[in-house]
Protein chains: 6
Amino acid sequence: MRPSKRAANELRAVTLERSVSKHAEGSCLVKFGDTHVMCTASLEERVPPWLRGQQRGWVTAEYGMLPRATGERMRREASAGKQSGRTQEIQRLIGRSLRAVVDLEALGEVQISVDCDVLQADGGTRTAAITGAWVALRDCIEWMRARDMVTKPVLKDHIAAVSCGIVEGTPVLDLDYAEDSTAETDANFVLTGAGGIVEIQGTAEGVPFSEEEFSQMMALAKSGIAKLVDLQKMSIL
Amino acid sequence: MRPSKRAANELRAVTLERSVSKHAEGSCLVKFGDTHVMCTASLEERVPPWLRGQQRGWVTAEYGMLPRATGERMRREASAGKQSGRTQEIQRLIGRSLRAVVDLEALGEVQISVDCDVLQADGGTRTAAITGAWVALRDCIEWMRARDMVTKPVLKDHIAAVSCGIVEGTPVLDLDYAEDSTAETDANFVLTGAGGIVEIQGTAEGVPFSEEEFSQMMALAKSGIAKLVDLQKMSIL
Amino acid sequence: MRPSKRAANELRAVTLERSVSKHAEGSCLVKFGDTHVMCTASLEERVPPWLRGQQRGWVTAEYGMLPRATGERMRREASAGKQSGRTQEIQRLIGRSLRAVVDLEALGEVQISVDCDVLQADGGTRTAAITGAWVALRDCIEWMRARDMVTKPVLKDHIAAVSCGIVEGTPVLDLDYAEDSTAETDANFVLTGAGGIVEIQGTAEGVPFSEEEFSQMMALAKSGIAKLVDLQKMSIL
Amino acid sequence: MRPSKRAANELRAVTLERSVSKHAEGSCLVKFGDTHVMCTASLEERVPPWLRGQQRGWVTAEYGMLPRATGERMRREASAGKQSGRTQEIQRLIGRSLRAVVDLEALGEVQISVDCDVLQADGGTRTAAITGAWVALRDCIEWMRARDMVTKPVLKDHIAAVSCGIVEGTPVLDLDYAEDSTAETDANFVLTGAGGIVEIQGTAEGVPFSEEEFSQMMALAKSGIAKLVDLQKMSIL
Amino acid sequence: MRPSKRAANELRAVTLERSVSKHAEGSCLVKFGDTHVMCTASLEERVPPWLRGQQRGWVTAEYGMLPRATGERMRREASAGKQSGRTQEIQRLIGRSLRAVVDLEALGEVQISVDCDVLQADGGTRTAAITGAWVALRDCIEWMRARDMVTKPVLKDHIAAVSCGIVEGTPVLDLDYAEDSTAETDANFVLTGAGGIVEIQGTAEGVPFSEEEFSQMMALAKSGIAKLVDLQKMSIL
Amino acid sequence: MRPSKRAANELRAVTLERSVSKHAEGSCLVKFGDTHVMCTASLEERVPPWLRGQQRGWVTAEYGMLPRATGERMRREASAGKQSGRTQEIQRLIGRSLRAVVDLEALGEVQISVDCDVLQADGGTRTAAITGAWVALRDCIEWMRARDMVTKPVLKDHIAAVSCGIVEGTPVLDLDYAEDSTAETDANFVLTGAGGIVEIQGTAEGVPFSEEEFSQMMALAKSGIAKLVDLQKMSIL
């Protein structure tokens with residue numbers, strides 16, 4: 001029995017609330033159970049220096065956590081003077097995942113910066129962030145379309161993410177913190193709406209895992225992400 | 001006529017929502033109109049080095065803004081590698097204001113860190129932060145009391161803050177961003193529930209102001225803060 | 001009786017020595033008793049990026065303390081790798097105060113950087129700095145005028161500053177360190193030669209203060225600043 | 001045909017040269033073709049603060065590149081003042097991979113720091129680093145064993161890593177830079193000598209990849225890592 | 001003819017003014033012509049971590065320049081966030097030079113930090129700093145002696161420094177900025193009162209110099225430093 | 001007897017291995033006994049901002065040490081977030097030394113960055129670095145010449161460096177770590193092929209040294225550098 005009493009292939013309650021920011025061109029407050037991430041997509045005129053003059057745009061992401069998003073207060077990264085390795089790893093993952101479904105030429109020479117800030121954490125913040133970031137990004141692109149700033153299709157597909165793990169020998173979907181901290185293996189999957197794989201990250205925390213176990217996690221992830229993509233579709237109706 | 005159609009002595013709609021964090025010992029989401037600040041109070045066992053062994057506690061505050069809390073996305077301070085002068089000025093003000101109503105000896109040798117993170121900004125973030133931080137701090141102390149970690153009274157009074165300004169020659173209460181950016185003078189007042197003054201900061205943005213104008217702002221602030229203190233009282237009933 | 005045996009409304013011995021730097025376009029060594037601040041005004045061709053091409057200039061200030069300006073040696077900020085929140089707060093205040101009396105359009109598209117470095121501290125460094133910085137700034141502008149770099153009036157008025165406090169229940173003017181460290185309330189006032197208020201900062205260190213007490217400090221400040229402005233006038237005869 | 005004319009399942013020429021440092025307790029210069037990484041394992045008496053007094057040790061890794069290890073000189077990270085996100089991601093991966101085969105209790109309360117410095121890069125630096133780091137770590141542990149600093153078995157298994165990719169539609173093993181920069185998909189596999197999976201990281205650079213393609217890369221990786229483990233065994237005979 | 005009309009072997013006007021700081025245990029304002037350096041010696045209870053418990057003390061130095069000490073305003077190092085290589089090089093030199101004449105065991109387990117801050121620069125700041133720092137250090141030790149904190153002799157000798165250079169083919173003593181910026185060769189000498197050499201640094205700015213030229217500079221330095229030592233002796237009478 | 005059994009005027013075994021980097025335009029692995037330094041010379045199109053448009057080039061150097069190049073592992077500077085004063089001092093010395101023999105106008109408006117990374121340290125890393133850096137720089141310039149990027153002579157002479165010291169009263173050449181850590185005096189000499197002096201740095205570690213001792217070290221250095229220059233000549237045959 002999982003601590004949350006969920007079935008092995010059951011997601012937490014997921015909600016995607018749009019337009020939560022008065023200022024951002026696109027925004028989404030995503031909740032995977034008690035994990036809450038505020039995603040805003042900001043349109044910026046400038047592109048990175050190495051992209052200038054190439055008629056292509058860029059999508060980037062930044063990730064942060066409020067200091068008391070977690071059980072113990074963490075030091076504020078702005079006060080520490082640098083972002084941790086974990087933070088940088090996560091924001092690079094979010095950016096790569098979003099770019100996998102964006103036609104950067106159709107976007108034109110602008111940058112969209114997606115900020116994912118964890119207001120409350122209970123495991124799976126990076127997968128929640130990717131899933132919510134897609135909604136914020138989509139609304140930002142629609143904001144541009146309404147102003148004729150883009151004309152061709154820019155988003156090629158949905159992108160969503162979920163974690164899986166092996167907890168007490170059983171593969172389970174969408175780990176919360178209680179499971180995450182005891183899982184033998186933890187894996188994150190980022191898939192498109194069409195089921196294409198964009199990113200896989202699997203790590204054995206204790207004993208190594210087998211290819212068979214990995215395949216079971218993959219199967220759970222595919223079904224979970226299909227549901228997340230359905231929720232994205234409903235959220236933008 | 002003010003842009004928001006408010007009377008000169010009228011606060012924005014103010015709400016104080018408690019227990020918005022699963023983890024923090026005390027928390028409050030404060031809204032002054034479209035200015036939204038999440039305040040969490042975290043109990044920490046350690047005190048600053050210079051206070052060790054003195055049987056006294058400490059209350060400190062940190063302040064931050066989500067990058068897209070504002071009309072234009074700002075650079076994330078964690079990414080810039082340091083907190084701006086403005087950020088440091090504000091968090092020092094919040095900390096001083098809270099300590100003015102705390103009996104640090106009654107608190108015992110612990111530290112309470114209050115984080116004020118602006119989710120959305122529309123002027124007056126520091127005054128909203130102080131007003132909400134008091135609620136989070138109060139709930140943290142009550143959390144301690146329920147566990148017999150404090151026995152004597154710790155909070156000596158309420159503390160709340162509001163801004164005033166002179167806009168087109170007229171003194172007005174609780175400036176929003178539209179007014180703040182055009183005000184000739186901007187002043188922040190931090191007062192206790194009993195009406196004692198804890199902090200006054202007044203700045204002429206354009207032409208200097210007179211003692212008479214300052215007195216008018218002070219009068220507005222006193223009435224505004226009295227209402228904020230009433231709201232704090234209702235929020236903790 | 002004050003530790004320095006001064007009357008409640010008595011300034012410390014104040015001197016303003018000009019042309020103390022061989023290199024700077026304007027300079028002033030200001031002493032408020034044992035508080036000594038070296039102020040230099042440097043003319044720079046460049047303006048901040050956000051001001052370029054607007055035919056307006058800028059005045060900015062930086063503040064520092066020699067490590068042993070104080071009773072205990074402090075860590076050198078250049079070695080610590082960052083300026084403290086206090087330092088940033090003070091230099092922002094000096095800059096704002098000076099700009100309040102400068103016609104930035106008449107200055108033309110240049111920047112004047114005023115450095116205020118505390119050689120020896122005995123309380124009131126920021127108010128001494130503002131008072132001396134005005135003299136350095138004035139001499140820098142006259143240096144420009146002698147070279148036809150400015151033609152219209154640039155300085156609109158004098159600016160000077162003084163602290164007041166409530167020490168053992170009595171409002172007093174121009175606190176030295178002995179008083180500053182025991183004052184219940186500490187306030188800084190920045191006024192123009194015409195008596196207009198540019199900045200007020202009042203902080204209760206212990207018990208909150210009343211509006212009445214604040215008015216008494218304001219009255220002391222007005223008379224003190226009038227004397228400081230007279231000293232500025234004599235210094236530039 | 002691969003640029004290097006290798007078969008799809010063919011590793012580059014791999015060499016593992018031990019004892020390349022006069023000072024380090026264990027060291028290995030690993031070459032995967034033109035990718036050369038110097039690995040040193042340093043025994044340190046101290047453990048991280050959060051591990052003190054727990055009778056357990058720690059293994060950590062740091063990664064760096066000489067500025068001209070690559071085709072274009074990169075800015076030295078020590079001069080830039082921080083390690084890039086990529087560097088941090090890689091050194092966290094190396095550390096996790098090594099710890100997966102170390103019995104930290106048998107190691108005792110010491111830390112082994114493994115430094116992996118890329119002298120010359122031609123793709124696959126992180127997988128070469130892990131493969132060589134195991135040899136350096138093993139020699140460090142044997143150095144301790146020769147001095148009776150460890151008595152029980154510390155290393156539970158071999159660990160080695162290799163990259164795979166899909167280049168022009170074909171899954172291939174051990175990408176060099178020419179392939180890496182054109183691959184549609186890039187994946188890194190870290191496996192134990194017994195074939196257990198410790199880490200999988202797969203990223204679609206362009207179009208998403210399928211589960212079938214992923215399985216093909218996994219199969220290549222398993223055979224490649226088996227050969228790398230054989231080379232490790234031969235190197236320590 | 002030298003720009004300053006001095007003879008080749010003539011020092012600038014040198015003054016050593018003691019007790020220029022109200023707070024420091026020892027202090028000296030040293031002037032070599034228009035080069036003015038404020039030196040303070042601060043007694044600190046703590047020693048560097050690597051020296052703890054060894055019954056020996058330490059003498060260290062820090063060096064800084066006010067931003068407008070030079071002809072063009074330089075960026076404040078505290079604002080830049082780090083000390084330049086030049087600054088670090090100079091402060092390491094000052095520290096080494098002072099330690100060469102201190103009996104660290106006789107000093108006892110304390111640290112003396114000597115701060116050398118350049119108020120105005122006209123060439124030769126490091127040599128002026130060393131010469132003045134000796135006086136500040138000496139007064140700090142005498143301050144300790146008056147309080148029975150040291151009993152044995154601590155200072156073994158005088159230490160003073162001067163620059164030499166080859167300007168338009170002629171070896172000259174004590175370069176000012178006008179000469180320093182055109183010299184073909186620039187050398188700094190640090191000697192004890194007894195004439196022992198503690199540090200030599202010679203650099204060819206343009207064409208290499210010969211051993212003969214070096215010997216001529218050495219001879220100038222010896223006579224110059226002998227005069228500086230005499231001035232130190234007179235200053236402490 | 002020296003620990004290494006060398007004669008007082010005997011260099012360690014010195015080797016200069018060229019073309020050790022696949023990528024760099026010039027490279028040299030220099031060994032002075034157990035001190036091994038990898039030198040790469042990288043051609044870069046950009047020059048420092050202050051040199052732009054002047055038709056002159058620049059040669060600069062950076063220096064680093066692998067963390068376990070020394071007997072005890074040192075903290076990685078990239079991780080510490082800054083280069084130490086020692087590192088900056090050394091890289092400034094290498095750059096100055098190389099520029100002394102380069103005709104910057106003949107080089108044209110490009111920059112050559114020479115990286116000297118110590119793979120293993122046993123004393124004398126800076127002198128080995130300078131000696132090897134000349135070879136890397138020379139090969140970089142020849143690489144340019146082969147591509148008609150330079151036509152006139154660029155290198156004016158050889159440059160090489162060696163340390164000398166006084167160990168137990170005896171002047172000796174080319175100190176290794178065992179001698180360096182016990183030497184009373186340590187001096188570094190940088191000379192051209194023609195015997196001109198480019199840089200002299202001598203430091204008394206314990207008792208001051210005499211002019212006579214200095215002359216003896218100078219004589220040793222001249223003979224040693226003559227041999228190093230011969231080795232450079234042989235290496236580029």
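Reader: I'm just getting started here. How far apart are the closest C-alpha atoms of chain C and chain D?

Author: Keep in mind that this is a predicted model. A contact needs heavy atoms within 4.5 Å, and no contact joins chain C and chain D. Their closest C-alpha atoms lie apart by 11 Å.

Reader: And which chain has no contact with chain A, with closest C-alpha atoms 11 Å apart?

Author: Here, too, no contact links the two chains.

Reader: Let's look inside chain A. How many helices and strands does chain A have?

Author: One of the helices is H5, residues 177-180, and one of the strands is S9, residues 197-204. The secondary structure of chain A comes to six helices and nine strands.

Reader: What radius of gyration does chain A have, next to that of a compact globule?

Author: The C-alpha trace of chain A spans about 55 × 40 × 30 Å along its principal axes. A compact globule with 237 residues would have a radius of gyration near 18 Å. Chain A agrees with that, because its own value is 18 Å.

Reader: What share of the residues of chain A count as buried?

Author: Buried means under 20% relative accessible area. Chain A has 237 residues, and the share that counts as buried is 62%.

Reader: Is A:Glu179 buried or exposed?

Author: A:Glu179 sits in helix H5 of chain A. Among the residues it touches are A:Arg2, A:Pro3 and A:Arg6. Its relative accessible area is 1%, so A:Glu179 is buried.

Reader: What about A:Thr203: which residues of chain D does it touch?

Author: A:Thr203 has its place in strand S9 of chain A. It is buried, with a relative accessible area of 11%. Within chain A, A:Thr203 touches residues including A:Glu184 and A:Phe209. From chain D, A:Thr203 touches D:Arg96, D:Val198 and D:Glu199.

Reader: How far apart in space are A:Thr203 and A:Gly165?

Author: In sequence, A:Thr203 and A:Gly165 are 38 residues apart. C-alpha to C-alpha, the distance in space is 9.3 Å.

Reader: Last one: how far does helix H6 of chain E reach from its first C-alpha to its last?

Author: Helix H6 of chain E covers residues 211-235, which is 25 residues. Buried residues in H6(E) include E:Phe214, E:Met217 and E:Leu228. At 1.5 Å a residue, the expected span is 36 Å, and close to that, the helix reaches 36 Å.

Conventions
Residues are numbered from 1 along each chain as its sequence is written. Chains are lettered from A and ligands numbered from 1 in the order in which they are written. This is a predicted model: local features need pLDDT of at least 70, side-chain atom pairs count only at pLDDT 80 or more; totals for chains, interfaces and linings use all residues. Side-chain values use heavy atoms; hydrogens and water are left out. Helices (H or I, at least four residues) and strands (E, at least two) are DSSP runs, numbered from the N terminus. The radius of gyration is taken over C-alpha atoms; the globule rule is 2.2 Å times the number of residues to the power 0.38. Buried means under 20% relative accessible area, exposed over 50%, partly exposed in between (1.4 Å probe, protein chains only). The expected span of a helix is 1.5 Å times one less than its number of residues. Lists of a residue's contacts leave out its neighbours within four places in sequence.
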